[in-house]
Amino acid sequence: MFWTRLLSGIILVALIIAGVAFGDLPLVIFSCVVGLVGLYEFYRLEGLQRAPGAFVCYAATVVYYLNIIYLDDEYTMQILATLTLLTAALYVLQYPKRRPSEFTHLVFGFIYVVLMFSFLLRVRHADAGSAMVWLIFIAAWGCDTMAYLAGLLFGRHKLTPQLSPKKTVEGAVGGVVGAVGLSYLYIFLLEKFSFGGLRVFTMRTYVMAMTIVFCASVFSQFGDLFASSLKRAKGVKDFGRLIPGHGGILDRFDSILFTAPAVYIILTLFLGFGR
């Protein structure tokens, strides 16, 4: 199991690095595939993965990503409105076979999985995005790794015993602190090897990166716990079994769904980075 988990993890990381590093079409394809598979896994929780409304959302996912990369994100609101209208119409046509909660699940699934994950692509194409995009992964997976280690060494007080019995307050704090430390190391390496599109490395650059990761790593833990609540409500351990030893796509990217929007919001609203 360990070697299977390690191998599948290495392959996944290699795909992510390739997609994010090259950007544009490779990243769009990668993001779209993650969105489609993740959406399928999310809908499966309610048995909706083959519902007519689900296929509307699958099609909207492809159109949505094409809109971002080729149409400069001009028609996002129109796509969301059209998706809502069509899924609502299908719900009405199938009434009373379909429950109102199913319509809500379909629309929310698109927002939660597809729209939230798309901020990875948006950050990548923002100013200095080739450098800033990696802060998303530092805040998500760096925080998760450091939280695990801190919890293992110092964990005493349960964080949310009903949602995730193994998580501790000490682990959560250690995850944030550790992720902030990794962000400092990341900027240091960028400066040393002159990579990532950043031309000036001042103390402000370091503070900016650490602030972004501090905020995003807090949200990453909420993202992980939110996904846990969805699975616990349905009595399942994982969203899927696509990635051997890791579960489904959503099991690996649940925290990214929260860190990507957080990083984008901080960059564009508070730090003035443009798309």
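This is a short tour of a predicted model, stop by stop, with what to select at each.

**Stop 1: helices α2 and α3**

Select residues 24-44, which form helix α2, and residues 52-70, which form helix α3. Look along the pair. Their axes lie 10 Å apart and meet at an angle of about 160°. Angles over 145 degrees count as roughly antiparallel. α2 and α3 are therefore roughly antiparallel to each other. The crossing of α2 past α3 is right-handed.

Now show side chains at the contact. On the α2 side, pick out Asp24, Leu25, Val28, Ser31, Cys32, Gly35, Leu36, Leu39, Tyr40 and Tyr43. Across from them, α3 brings Ala54, Cys57, Tyr58, Thr61, Val62, Tyr65, Ile69 and Tyr70. Color by class: the contact of α2 with α3 holds 14 nonpolar, three polar and one charged residues.

**Stop 2: two loop residues**

Move to the loop between α3 and α4 and select Asp72. Its phi is near 55°, a positive value in a residue other than glycine.

Next, go to the loop between α4 and α5, where Pro96 is found. Select Tyr95 together with Pro96. What kind of peptide bond joins Tyr95 and Pro96? The bond is cis, with omega about 5°.

**Stop 3: a cavity**

How many cavities of 30 Å³ or more does a search of the whole structure find? One. The largest cavity has a volume of about 90 Å³.

To find the place, select the lining: Leu48, Ala51, Pro52, Gly53, Thr87, Leu90, Tyr91, Gln94, Arg98, Glu102, Phe103 and Leu106. Which helices each supply at least two residues of this lining? They are α3, α4 (76-93) and α5 (100-117). By class, the lining of the largest cavity divides into seven nonpolar, three polar and two charged residues.

**Stop 4: helices α8 and α9**

Select residues 134-154 for helix α8, then residues 169-193 for helix α9. The axes of α8 and α9 come within 6 Å and cross at roughly 135°. That angle makes α8 oblique to α9. α8 passes α9 in a right-handed crossing.

Show the residues that touch. From α8 they are Trp134, Leu135, Ile138, Gly142, Cys143, Met146, Ala147, Ala150, Gly151 and Phe154. From α9 they are Glu170, Gly171, Gly174, Gly175, Val176, Gly178, Ala179, Leu182, Ser183 and Tyr186. The contact of α8 with α9 has twelve nonpolar, seven polar and one charged residues.

**Stop 5: helices α9 and α10**

The crossing of α9 and α10 is right-handed.

Display the contact. α9 gives Ala172, Val176, Ala179, Val180, Ser183, Tyr184, Ile187, Phe188 and Glu191. α10 answers with Thr205, Tyr206, Ala209, Met210, Val213, Phe214, Ser217, Val218 and Gln221. By class, the contact of α9 with α10 has 13 nonpolar, four polar and one charged residues.

Terms used
Residues are numbered from 1 along each chain as its sequence is written. This is a predicted model: local features need pLDDT of at least 70, side-chain atom pairs count only at pLDDT 80 or more; totals for chains, interfaces and linings use all residues. Side-chain values use heavy atoms; hydrogens and water are left out. Axes are lines fitted to C-alpha atoms, for helices over the stretch in contact, and angles run from 0 to 180 degrees between N-to-C directions. Helices (H or I, at least four residues) and strands (E, at least two) are DSSP runs, numbered from the N terminus. Angles under 35 degrees count as roughly parallel, over 145 as roughly antiparallel, 65 to 115 as roughly perpendicular and the rest as oblique. A crossing is left-handed if the near helix is turned anticlockwise from the far one by less than a right angle, and right-handed if clockwise. Contact means heavy atoms within 4.5 Å. Ala, Val, Leu, Ile, Met, Phe, Trp, Tyr, Cys and Pro count as nonpolar, Asp, Glu, Lys and Arg as charged, and the others, Gly among them, as polar. On a 1 Å grid over the protein atoms alone, a cavity is a set of points where a 1.4 Å probe fits but cannot get out, and a pocket is an open set with protein on both sides within 12 Å along at least five of seven lines; lining residues have an atom within 4 Å of a point. Grid points are joined across faces, edges and corners, and a volume is the space filled by probe spheres set on the points.
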